[in-house]
Amino acid sequence: MVGGFLGAGKTTTIGRLASHYVAQGLRVALVTNDQAYNLVDTHTLRAQGFQVGEVPGACFCCKFDDLIDTVGSLSDEKVPDIVIAEPVGSCTDLVATVIEPMRELFGDRFEMGPLVVLLKPVHGKKILAEEKGKGFSPKAEYIFLKQLEEADAIAINKIDRLSESDQEGLLRLVTKRFPDVPVFGVSAREGTGFEQLVEAAAAQPKRRSKMMEMDYKTYAEGEAELGWLNCQTRADSEIKFNLDDLVLKLVQGIGTELKEAGLEVAHLKVLGQTLNDAAVANLVGSEVESELSLASEINTQGADLLVNARVAASPEELETIVKSVTSRLANELQLKLTVGNMQSFRPGKPEPTHRAT
Ligand SMILES: Nc1nc2c(ncn2[C@@H]2O[C@H](COP(=O)(O)OP(=O)(O)O)[C@@H](O)[C@H]2O)c(=O)[nH]1
Ligand SMILES: [Mg+2]
């Protein structure tokens, strides 16, 4: 399992790890997970040619049986050698609620790997250095820190965007707080430090004599502070439009309005898809730029869009902003944008199926 906060780079890392294992001749299957339905990540990974199962509707710990069924269904044709799972980025306590129960109940079927957790620098620096100012509430920060605390290994991701001194500073902050956990820097995008990640993923997981202490009340309140929105939209036009431009403009537009309203983005992503091509744009914090992470390089007259937003905002605020940006862009770009199925909510209290003590 590759964990880490919303926008830390889990899906990117999993894509790179999976390619690495495939190149070694191994059969790989992936599992994505979300609180809602219509996951951008599932499409992103399938677009890279991987077999991907999905556990939607709640986190792995609350959908333990679905996780087992999904992993089972990945073996329908051929049994995979390795399954890599991506938990929801606001989820923690995975060792006690997923890894240990899986080992205990299904140890005859699976050999459990370690929990590698990615550290997201933009929010990590602020949280670890206890900097005041804009960002997340202390309860959401509690989740961020608990994710790191339970890791078998911590990978500081996106080092391609960090100066040497920022890398060293982060490394110091992490080691000070979690002195017993191996820590290293990596760039999931560019591949720097990837050998260490491969090594960490192949290591024997730590066997804990007791599980991490968790305050489920703070955890539930921290999760509920993040508004969640998943929405399907259809884009049509009489004349061809550039798909990459559209997904990026949507992310930029929504990001700008959120920033103006003082609402911190955890992760905002938009997928644009035609039958054969896909484009994805991302925004992972209010202090960073929106970016196109997957380019389709196509012009088209029609595409299906998926918006996944996780923001420290109420679902109502989020919905209003997404709708207003969509209609403004439709005018500006002379497109018909039809907003379809929209789910927006605050995640419910986590109620794990099992919890090892
Ligand atoms: N610069 C940089 N960006 C990255 C890296 N890894 C991921 N990203 C970007 O961060 C954003 C979120 O990545 P994603 O893998 O979707 O994060 P997840 O929410 O943890 O699954 C995307 O725009 C990625 O392209 C990295 O190593 N360097
Ligand atoms: Mg992801």
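How many helices and strands does the protein chain have?

1. Basis. This is a predicted model; local features need pLDDT of at least 70, side-chain atom pairs count only at pLDDT 80 or more, and totals for chains, interfaces and linings use all residues. Residues are numbered from 1 along each chain as its sequence is written, while chains are lettered from A and ligands numbered from 1 in the order in which they are written.

2. Secondary structure. The protein chain has eleven helices and 13 strands. These are DSSP runs, numbered from the N terminus: H or I of at least four residues for helices, E of at least two for strands.

3. Overall form. Along the principal axes, the C-alpha atoms fill a box of roughly 60 × 50 × 40 Å.

4. Of the 357 residues, 48% count as buried. Buried means 20 or more other C-beta atoms within 10 Å of the residue's own, exposed means 12 or fewer, and partly exposed lies in between; C-beta atoms are placed from the backbone. Among contacts with a separation of 6 or more, 76% join residues 24 or more positions apart. A contact needs C-beta atoms, placed from the backbone, within 7 Å.

5. Helix α4. This helix (residues 94-106) bends by about 25 degrees at glutamate 100, and proline 101 follows within four residues. The bend is the angle between axes fitted to the seven residues ending there and the seven starting there. Glu100 is itself buried, as are Val98, Ile99 and Met102, among others in α4. The buried residues of α4 pack against β1 (2-4) and α3 (64-73).

6. Ligand 1. The shell holds 21 residues, and the closest are Gly9, Lys10, Thr12, Asn282 and Ser293. A shell residue has its C-beta atom, placed from the backbone, within 6 Å. Helix α1 gives the most, with three residues. Domain 1 (2-223) and domain 2 (226-345) each supply at least three residues; the bounds come from an automatic or database domain assignment.

7. Glycine 340. This residue sits in strand β13 (residues 336-345). Glycine 340 counts as exposed because it has 12 C-beta neighbours inside 10 Å. Leaving out residues up to four places away in sequence, glycine 340 touches Gln232, Thr233 and Arg234.

Note on methods
Two residues are in contact if their C-beta atoms, placed from the backbone, lie within 7 Å.
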